[in-house]
Amino acid sequence: MPTSVLIDTDPGIDDAVALALASRLPELRIVAITIAHGNTDVDRATRNARLIASIAGIAAPIIPGAAAPLVREPRPARETHGPEGLGHVIPAQEPEHEIDGAAEAIIAQVRGQRKLTVCCLGPLTNLATAIAFAPDIADALGPVFVMGGALNVPGTQTARSEFNWWSDPEAADFVMHAHLDLRLVPLDVTRRIAIPGSAIGALAKAGESDQQARFWADALRFYADFHQEYERFDGCIVNDALAIALVADPSLAGWEEMRLDVSLSDGAERGAVRRSPEGGRTAVAMSVRASEVLALLERTVFARWLEPGSLAGGAADAERWLANAARERK
Ligand code: BDR
Ligand code: CA
């Protein structure tokens, strides 16, 4: 029996890869996709999710959600994900003004199917709002996989903070303390899932005659240019795809039990993870079989255009980058 999963997401380039992966995994059945502000505004993120769904053949309903964090201003990551949220891809469809129905949809799905798995790939505004409106769903929820936070590796937003938690720290903190069966997938593991620059080049070549390959090349090339400019890394990190892979097969990661808080301060600590005896209890993915995840991505999403083994070097590239970052931090 496949695992039914509700995906909350802010597409977003790596969100696009994650959705495509979810659509190809026989272990998963997507019951709904709810959309959050984050990498781009919620109207664009919703339009992007519809486009990705049409490419990936996803029939599940797509429900627009929160346009802004619980208490802060939205700060879309246009330098990372591009003006439309999908790198160099410019969708034909203009964004439209969307009505927020995500929290209600999450509540209805969880009440309709006890122990539903949820996988959050963006700021946690929608899930926090759903639980605040309907606290009974906290008990009814199944495992909640969350891509967010950074423990022992550099953050993406500040040296200490990862983007999703930085965007809406109040929502992240609320979710951390909601007594859920939480499975946190932080940058410590997602930074190991790198699509090498050479594979993006091969997708661009295939894209000369294949529209879908061009879509992926246009999206990923933008993200890779960002990594090159800001981090001197040749390739792109597809954080959210790992969270989806772990929903399908949690044994791909090594999990540690922790109690964690989220910093609600401003500046460099905003959204940072803090270990604390009063923190919310969560299982945290602290190691991952990155080569296997990359092989899975290659097989399921990119096999039509890439030679076998094209993504294999990504794990070692990421390992080297992380080792270097650790040396520089000492
Ligand atoms: C997270 O932030 C976004 O840029 C990505 O989509 C991912 O969810 C990584 O820090
Ligand atoms: Ca995301």
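How many of the ten residues of α12 are buried? In this predicted model, ten of the ten are buried, so α12 is largely enclosed by the rest of the structure. Buried here means under 20% relative accessible area, exposed means over 50%, and partly exposed lies in between, with a 1.4 Å probe and protein chains only. The buried residues of α12 include Asn239 and Asp240 as well as Leu242, Leu246 and Val247. Helices (H or I, at least four residues) and strands (E, at least two) are DSSP runs, numbered from the N terminus.

As the model is predicted, local features need pLDDT of at least 70 and side-chain atom pairs count only at pLDDT 80 or more, whereas totals for chains, interfaces and linings use all residues. Residues are numbered from 1 along each chain as its sequence is written, chains are lettered from A and ligands numbered from 1 in the order in which they are written, and side-chain values use heavy atoms, with hydrogens and water left out.

One partner of α12 (residues 239-248) is helix α1 (residues 13-24); the two pack at an angle of about 25°, with their axes 6 Å apart. Axes are lines fitted to C-alpha atoms, for helices over the stretch in contact, and angles run from 0 to 180 degrees between N-to-C directions. Helices α1 and α12 are therefore roughly parallel to each other, a class that covers angles under 35 degrees, while those over 145 count as roughly antiparallel, 65 to 115 as roughly perpendicular and the rest as oblique. The crossing of α1 and α12 is right-handed: a crossing is right-handed if the near helix is turned clockwise from the far one by less than a right angle, and left-handed if anticlockwise. From α1, Asp14, Asp15, Val17, Ala18, Leu21 and Ala22 meet Asn239, Asp240, Ala241, Ile244 and Ala245 of α12, where contact means heavy atoms within 4.5 Å. The residues of this contact comprise seven nonpolar, one polar and three charged. Ala, Val, Leu, Ile, Met, Phe, Trp, Tyr, Cys and Pro count as nonpolar, Asp, Glu, Lys and Arg as charged, and the others, Gly among them, as polar.

Helix α1 also packs with α2 (residues 42-56), at an angle of about 35° and with the axes 10 Å apart. This crossing is right-handed. Ala16, Leu19, Ala20, Ser23 and Arg24 of α1 make the contact with Ile52, Ile55 and Ala56 of α2. By class, the residues in the contact of α1 with α2 are six nonpolar, one polar and one charged.

A further helix pair is formed by α10 (residues 197-206) and α11 (residues 211-231), whose axes come within 8 Å and cross at roughly 145°. Here the crossing is left-handed. Ile200, Leu203, Ala204 and Ala206 of α10 meet Ala213, Trp216, Ala217, Leu220, Arg221 and Ala224 of α11, a contact with nine nonpolar, no polar and one charged residues. Gly197, Ala199, Ile200, Leu203 and Ala206 are buried in α10, and the buried residues of α10 pack against β7 (194-196), α11, β8 (235-237) and α13 (290-302).

Attention now turns to charged pairs. Side chains of opposite charge can pair when their charged atoms come close. A salt bridge is a side-chain nitrogen of Lys or Arg within 4 Å of a carboxyl oxygen of Asp or Glu, and a search of the whole structure finds 17 of them. One joins Arg72 to Asp266 at 2.7 Å, N to O. This pair links distant parts of the chain, 194 residues apart: Arg72 lies in the loop between β3 (62-63) and α3 (78-81), and Asp266 in the loop between β9 (253-262) and β10 (273-275). Arg72 is buried, at 14% relative accessible area, whereas Asp266 is exposed, at 57%.

Another salt bridge, at 2.8 Å (N to O), connects Asp136 and Arg111. Those residues are 25 apart in the chain, with Asp136 in the loop between α5 (125-133) and α6 (137-140) and Arg111 in helix α4 (residues 102-112). Asp136 is partly exposed at 42%, and Arg111 is exposed at 52%. Elsewhere, salt bridges that share partners join Asp41, Arg44, Arg47, Arg78 and Glu84 into one network.
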